[in-house]
Amino acid sequence: MSASEQSAPRWWNLEPREAGILGGILIATAVLYLPSVRNGWVYDDPLQIVNNDLLHTWAGIGKSFIYDSWWFLYPDNLPASAYYRPLQATWFGLNYMILGNHPAAWHLEKIVVELIAVILSFRLAQLLTRSTAIGLLTAAIFGLLPANVEAVVWASAIGEPLSAIFEMGALCCLINRAPGQKWPRGLVFALVLYAGALLSHETAVLFWLIVGAYAFLIEAKRLGESMRLAAPFLMLAIAYLVARLNALGPIAYFALPFHQPTFVLLGWARPVPPPSLLGLILTAPVALLGYLGVLMVPGVAGPAHNLNWIDSVAPITFISAGILAVLAGFALAAAWRSSYRNLYLFCAAWSLITFGPSMKLDAIAALIADRVLYAPSFGFSLALAMAAVHLAASRPRARTAVAGAMAILLAAYAVSAVRIEHYWHDDLTFYTACVARAPDDREFLRKQVEILNEQSDLTGAMNALQHAVSLDPDNLYLHQRLLDQYVLMQRGADVQAEVVRMHALSEKERASP
């Protein structure tokens, strides 16, 4: 090596070989998500981006800082939602002015956002552990994790990635702050980035707890010192909550008043009761176990999950709670015995704190939504990377076995991610996949049938309804929709047969106690 090479500064203290590995991880991540460039507008994209003329102006972007995130739907009847995410709306408005109605450009931009997040996951892991090897493996896991696919390939899902990037960047700045100064530059930069996280997604509201956990567990500060470091972040979170209250008002601050979903109003299912505290308690363990599966197990992540509200005591609640307790006990015991205990505890704190606000299940559209795991997945990726590296270093023979196991796991993650990516190609592909994964969700079925009929595929719509009826043969609402489809197709004999079946079902319902 020449004298000039020896004296050249190294970016983040990376050896050329390590920089090459990081570059390879970024290339692999980009290649993994490159097929999403072929995807179109899906799900909420037309509402939030394409047909959102009110947000395609500077005035509309400005209104997003004083109104809720969906103000453009009903500007004369606000709030339209219980969300306050000004930077998300700003992203939609600015990007439409620049990129227009070209989904490929939007998807390319989301890939760039993902690459930034992968770089930050590496740097944050490196700073926390002082290990480049752990940082590289953390970045590889984070970049290939199937749980993150929804947040990357869906154009409208920008709030979660932006918030996670701002949070990871804020903690990097905080770790690098100059000691001894009252307001070091790193702390100021961290606060600015945290403001960005808050304005991107409300789940960042508890980040000040992560700051306190970092100071207490990693910097080994006393509890009072840790809370003093976290105090400016807490003040910023309070300021955000005040702004949120101003935008949403007291009634919609936690959730909008309950309304029957569209599929009920259109006659696809019987009215559903509003979520209750008992239902939240009974459903939460099942949803939490479902989220854990999405995060950890290849093949579980996807555009939809078959979980409905649990309104009465059921075995699944206690089974799920028991499994969670066993897993938590095992993880805690393993971490407690490790010399890296505090790092593992910090990983748990990061994941739980960034995920915690998402467990307000009555305020989200789906009981399990993969995209909310984007920020929590960093904690999981770091913990898994630490465990693998430390296990590989424990015995001479373990290194090859651990490397092989991680290679297989990463390959499985990549295959699963590619498979999920295709589901977001267009609305019909999306809703067809959702119906297959969550057959009890009538909104997915309604949209699938509606799209098939719009595309003049009446037989496909009929087949979808017949399949739904076969899974729930006593559902009078589904029979009515199938009858309507037969009428649309002018299938006289099927209409008569369906009328007879519906009459028999009606008599059966009246006779039942």
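The tour starts with confidence, then moves through backbone features, a surface patch and salt bridges.

**Confidence**

This is a predicted model. Colour the chain by pLDDT: the average is 91, and 96% of the residues score at least 70. Then select residues 1-8, where the pLDDT is below 50. Beyond near neighbours in sequence, this stretch has one contact in the model.

**Two residues with positive phi**

Select Asn 13, in the loop between helix H1 (3-7) and helix H2 (16-33). Its phi is near 60°, a positive value in a residue other than glycine. Is Asn 13 buried or exposed? With a relative accessibility of 64%, Asn 13 counts as exposed.

Ser 456 is not a glycine either, and its phi is positive at about 65°. The relative accessible area of Ser 456 is 62%, so this residue is classed as exposed, the cut-off being over 50%.

**The loop between H4 and H5**

Move to the loop between helix H4 (58-63) and helix H5 (86-99), and select Ile 66 there. Ile 66 is partly exposed, with 43% relative accessible area.

Which form does the peptide bond from Leu 78 to Pro 79 take? This bond is cis, with omega near 0°. Pro 79 is also found in the loop between H4 and H5.

**Salt bridges across the sequence**

The model has 14 salt bridges in total. Begin with Arg 85 and Glu 202, whose side chains meet at 2.6 Å, N to O. Arg 85 lies in the loop between H4 and H5, while Glu 202 lies in the loop between helix H10 (185-200) and helix H11 (207-217), so this pair ties together parts that are 117 residues apart in sequence. Both Arg 85 and Glu 202 are buried.

The next pair is Glu 150 and Arg 371, a salt bridge that is also listed at 2.6 Å, N to O. Glu 150 belongs to helix H8 (residues 149-153) and Arg 371 to the loop between helix H16 (341-355) and helix H17 (376-394), so the parts tied together are 221 residues apart in sequence. Are the two ends of this pair buried or partly exposed? Glu 150 is buried, at 4% relative accessibility. Arg 371, with a relative accessible area of 21%, is partly exposed.

**Salt bridges in the helices**

Select Glu 507 and Arg 510, whose side chains form a salt bridge at 2.4 Å, N to O. Both are in helix H23 (residues 492-511), and because they are three residues apart, about one helical turn separates them. Glu 507 is partly exposed, with a relative accessible area of 36%. Arg 510 is exposed, at 58%.

For the last stop, select Glu 443, Arg 446, Lys 447 and Glu 450. Show their side chains: these four residues are linked in a network of salt bridges.

How values were computed: Residues are numbered from 1 along each chain as its sequence is written. This is a predicted model: local features need pLDDT of at least 70, side-chain atom pairs count only at pLDDT 80 or more; totals for chains, interfaces and linings use all residues. Side-chain values use heavy atoms; hydrogens and water are left out. Helices (H or I, at least four residues) and strands (E, at least two) are DSSP runs, numbered from the N terminus. Buried means under 20% relative accessible area, exposed over 50%, partly exposed in between (1.4 Å probe, protein chains only). pLDDT is the predictor's confidence in each residue, from 0 to 100. Contact means heavy atoms within 4.5 Å.
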